[in-house]
Amino acid sequence: MGELANCARCDKVFVKTTKSVCPECIKEDERLFQIVYNFLKKRENRQATIPEIVEATEVKEDLILQFVKDNRLRSTQFPNLSYPCERCGEPIARGKLCDNCTTDISSDLRHEQELQRIKRKNQEEENKKARTYFTRNKN
Ligand SMILES: [Zn+2]
Ligand SMILES: [Zn+2]
């Protein structure tokens, strides 16, 4: 018997696979995927946006986004399947962040490290001052 895990969707205990959700949820996802896919396959629906798909298929937006993120629904095929970048809200069709934010974040990281360095230095200065003050006070 394999390792057990809780399904990320329904919380049921299941034998762990490479997926984070249980076989039933996978089956359910598959069913919903077919609904969304069948809707989008029609020529008149190719340009549908995510809110329009939610409206027409009653499949949850999160799940549709998941299909897009997993590349099961491709934005090359369906041009309006974009979702907002988690940082700036620009429409994107893969990953979590737009290209700009990805670049920004790596420079932010460097910036953050620099801030930490300055903060530590200031803290040391403060400590030195506090000690001086203490010594002077005592005299
Ligand atoms: Zn489940
Ligand atoms: Zn962004």
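Mentor: Cysteine 10 counts as partly exposed because its relative accessibility is 40%; buried denotes under 20% relative accessible area, exposed over 50%, and partly exposed the range in between, with a 1.4 Å probe and protein chains only. The model is a predicted one, in which local features need pLDDT of at least 70 and side-chain atom pairs count only at pLDDT 80 or more, while totals for chains, interfaces and linings use all residues. Residues are numbered from 1 along each chain as its sequence is written, chains are lettered from A and ligands numbered from 1 in the order in which they are written, and side-chain values use heavy atoms, with hydrogens and water left out.

Donors here are N, O and S atoms within 2.8 Å of the metal (3.2 Å for Na, K and Ca); water is not among the atoms, so sites may look incomplete. Cysteine 22 and cysteine 25 are both buried.

Lysine 19 sits in the loop between β2 (13–15) and α1 (23–41), where helices (H or I, at least four residues) and strands (E, at least two) are DSSP runs numbered from the N terminus. Lysine 19 counts as partly exposed, at 47% relative accessibility. Apart from neighbours within four places in sequence, lysine 19 is in contact with Phe14 and Ile26, contact meaning heavy atoms within 4.5 Å. Its C-alpha atom is 9.2 Å from that of alanine 8, 11 residues apart along the chain.

The zinc ion (ligand 2) is held by Cys85 (SG), Cys88 (SG), Cys98 (SG) and Cys101 (SG) at 2.3 Å. The spacing of its donors is C-x2-C-x9-C-x2-C, and the angles of 103 to 118° among the 4 donor atoms give a tetrahedral site. Cysteine 85 is buried, at 4% relative accessibility, and cysteine 98 is buried at 9%, whereas cysteine 88 is partly exposed at 43%.

Finally, the structure holds 0 disulfides, a disulfide being a pair of cysteine sulfur atoms within 2.5 Å.

How values were computed:
Four donors count as tetrahedral if all angles lie between 85 and 135 degrees; four count as square planar and six as octahedral if opposite donors are over 155 degrees apart and all others between 65 and 115; anything else is irregular.
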